[in-house]
Structure formats: C-alpha cells, structure tokens
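Dear colleague,

I am passing on the structure we spoke about, and below it you will find a short account of what turned up in it. Please read the account with the structure open beside you.

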Amino acid sequence: MTDCEPDVALGPFSAPDAMAVPWSSALELIGAAEVFWLTTVRPDGRPHVTPLLAAWSLGGMCFTTGGQERKAANLEHNPHCVLTTGTNALTGVDVVIEGVASVVGDRSERVRAVADFERKYGTHLTDPAGSWNRLGEAVVDGTVRLYRVAPTVGFAFGKLPTSSQTRYTWPSR
C-alpha cells in the first residue's frame, strides 16, 4: 500500500479555457474537508448514502464505522464505494473518490490512521468534550472498524467561474 500518484487528465465536459486540478490540490481539498458523503450499495441493489468523517491516510481514503451499521453490512456484500466532498455551492471544487474498501486489520496501520485523523480533526477527537472523543482508542483496539478505500478513479469538479472535470486514475494494485 503506497501513496502513488494518479494519472491526471482534463475531462471532455470542461470549459475550453479550463485546466486540470493537480492531484496535490485535490489532496489539499480532501485534507481541508470536514464532512464526506459515503455511498455504498445495499445487498438488494439500492444505494445508501451517509455523511461521515474521512481522511487521506495509508495511501487511500479512510473512515470508521461500527460493525453493525448499514454501511459495514453493505461493504461486506460489495466493497465498491464512493466518497464525495465539496463546497455545496456553485463555486469551488468538489472531489469524488471511487474505490474498493477493506477493513484495516493491522494495528500499526490503525495507529497511523488515527494519528492522521487526530491531526485533521483535532479537538473533535482529542478533547474529552469533543464530539468523537475516544474514537481513536476504539479504532486502535478494533472496537470500531477502520476502512481504507483503495482509490481506482477520482474526479475534481471545478465550478464557477470556470467549469472543469479532472479525472484521476490509479494503476491497478
């Protein structure tokens, strides 16, 4: 599991003067985003979407969930999923990462990912009064599942003033 750079290409639905969003800029947007939307597929084929915390770690997008939650059941049936974040406005850039989710079983990797989450979300995770206090401990000890989404394709959708569609493609692993 390495942090390899994706291939970057400007999509056909971009404005004539648009430029591709560099992967480094997409990573900055992912790092600054507080809320992501995870899309999974239920066993009967219906979609399921839920907001959650996520961070780029371990060479992919990471998020947590309880083993009995709908998203965990969906991922057991079909590990393909999508994480989306953005501005919720007609300006700025939205980012989409598609890939295959797997549970992170290695304790040292869970420790690394928790450090990345705590750097990103700060007191929300580390302060005793924080909304997700003790989440890190639960991830490290395995009480809460940590998933890593190995990215296969991603997009950055630039909006006003210049619309662009950047496509990121990762080599097969």
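**Charged pairs and ring pairs**

Arg119 is exposed, its relative accessible area being 62%. Please keep in mind throughout that this is a predicted model.

Asp116, for its part, is partly exposed at 22% relative accessibility.

In general, side chains of opposite charge can pair when their charged atoms come close. In one, the side chains of Arg46 and Asp44 meet at 2.8 Å, N to O; here Arg46 is partly exposed, with a relative accessible area of 45%, while Asp44 counts as exposed at 52%. In another, the side chains of Glu69 and Lys71 meet at 2.7 Å, N to O, and in this bridge Glu69 is partly exposed at 36% relative accessibility, whereas Lys71 is buried, with a relative accessible area of 8%.

Turning to the aromatic residues, a search of the whole structure finds seven aromatic pairs. One of them is formed by Trp23 and Tyr168, an edge-to-face pair with 5.0 Å from centre to centre and 65° between the planes. Because Trp23 lies in helix α1 (residues 23-32) and Tyr168 in strand β9 (residues 164-169), this pair ties together parts that are 145 residues apart in sequence. Trp23 is buried at 5% relative accessibility, and Tyr168 is likewise buried, at 0%.

The rings of Phe117 and Tyr121 have their centres 6.2 Å apart and their planes at 25°, and since planes under 30 degrees apart count as stacked, this pair is therefore a stacked one. Phe117 and Tyr121 are four residues apart in helix α3, which separates them by about one helical turn. Phe117 counts as buried at 6% relative accessibility, and Tyr121 is buried with a relative accessible area of 6%.

Finally, to return to Trp23 and Tyr168, ring pairs link these two residues with Trp56 and Trp170 into a cluster.

Conventions:
Residues numbered from 1 in each chain as written. Predicted model: local features only at pLDDT ≥ 70, side-chain atom pairs only at ≥ 80, totals over all residues. Heavy atoms only, no water. Salt bridge = Lys/Arg side-chain N within 4 Å of Asp/Glu carboxyl O. Buried < 20%, exposed > 50% of the residue type's maximum accessible area, 1.4 Å probe, protein only. Phe/Tyr/Trp six-rings, centres within 6.5 Å; stacked < 30°, edge-to-face > 60°. Helix = DSSP H or I, 4+ residues; strand = E, 2+ residues; numbered from the N terminus.
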